[in-house]
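Biologist: Can you walk me through this one? Start with the terms, please.

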Amino acid sequence: MTEVKQFRLLPPRDPTACKICGRNHLPDKPHDAQQLHYQYHFYFQHGRWPTWKDAIAHCDKATRADWEDALKSRGAWTEPDKTQ
Ligand SMILES: [Zn+2]
């Protein structure tokens with residue numbers, strides 16, 4: 001396995017975009033877990049790839065519940081592997 005020691009992530013091309021995921025969304029809304037910008041930003045901070053649970057962690061309880069339900073109904077919900 002290759003170990004990532006250091007890299008620098010360029011800011012999103014759109015200066016009004018979220019600095020964490022690179023998409024335009026209100027600060028209290030979920031990050032886009034499918035964006036490479038988000039995935040690398042998260043990996044740089046946490047040493048693992050993000051899940052949807054991570055992408056909605058900063059949202060309020062109702063938003064988290066809505067997104068979790070919607071993603072689960074589409075079979076798209078992901079969360080960190082609890083065995084790690
Ligand atoms: Zn974001």
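Modeller: Two residues are in contact if their C-beta atoms, placed from the backbone, lie within 7 Å. Helices are DSSP runs of H or I, at least four residues, and strands are runs of E, at least two, numbered from the N terminus. The model is predicted: local features need pLDDT of at least 70, side-chain atom pairs count only at pLDDT 80 or more, and totals for chains, interfaces and linings use all residues. Residues are numbered from 1 along each chain as its sequence is written.

Biologist: How many helices and strands in the protein chain?

Modeller: It has 3 helices and 0 strands.

Biologist: Which residues of α1 are buried?

Modeller: His37, Tyr38, His41 and Phe42. Buried means 20 or more other C-beta atoms within 10 Å of the residue's own C-beta, again placed from the backbone.

Biologist: Why do they sit on the same side of α1?

Modeller: Because they cover an arc of only 120° around the axis, taken from the directions from the helix axis to the C-beta atoms.

Biologist: And what do they pack against?

Modeller: The buried residues of α1 pack against α2.

Biologist: What comes after α1?

Modeller: Glycine 47, with a positive phi near 75°.

Biologist: Now the core. Which residues are in the largest nonpolar one?

Modeller: Cys18, Cys21, Ala33, Tyr38, Phe42, Trp52, Ala55 and Ile56. Such a core joins buried Ala, Val, Leu, Ile, Met, Phe, Trp, Tyr and Cys residues through C-beta atoms within 7 Å.

Biologist: What does alanine 33 touch?

Modeller: Tyr38, Pro50, Thr51, Trp52 and Ala55, leaving out residues up to four places away in sequence.

Terms used:
A residue is buried if 20 or more other C-beta atoms lie within 10 Å of its own, exposed if 12 or fewer, and partly exposed in between; C-beta atoms are placed from the backbone.
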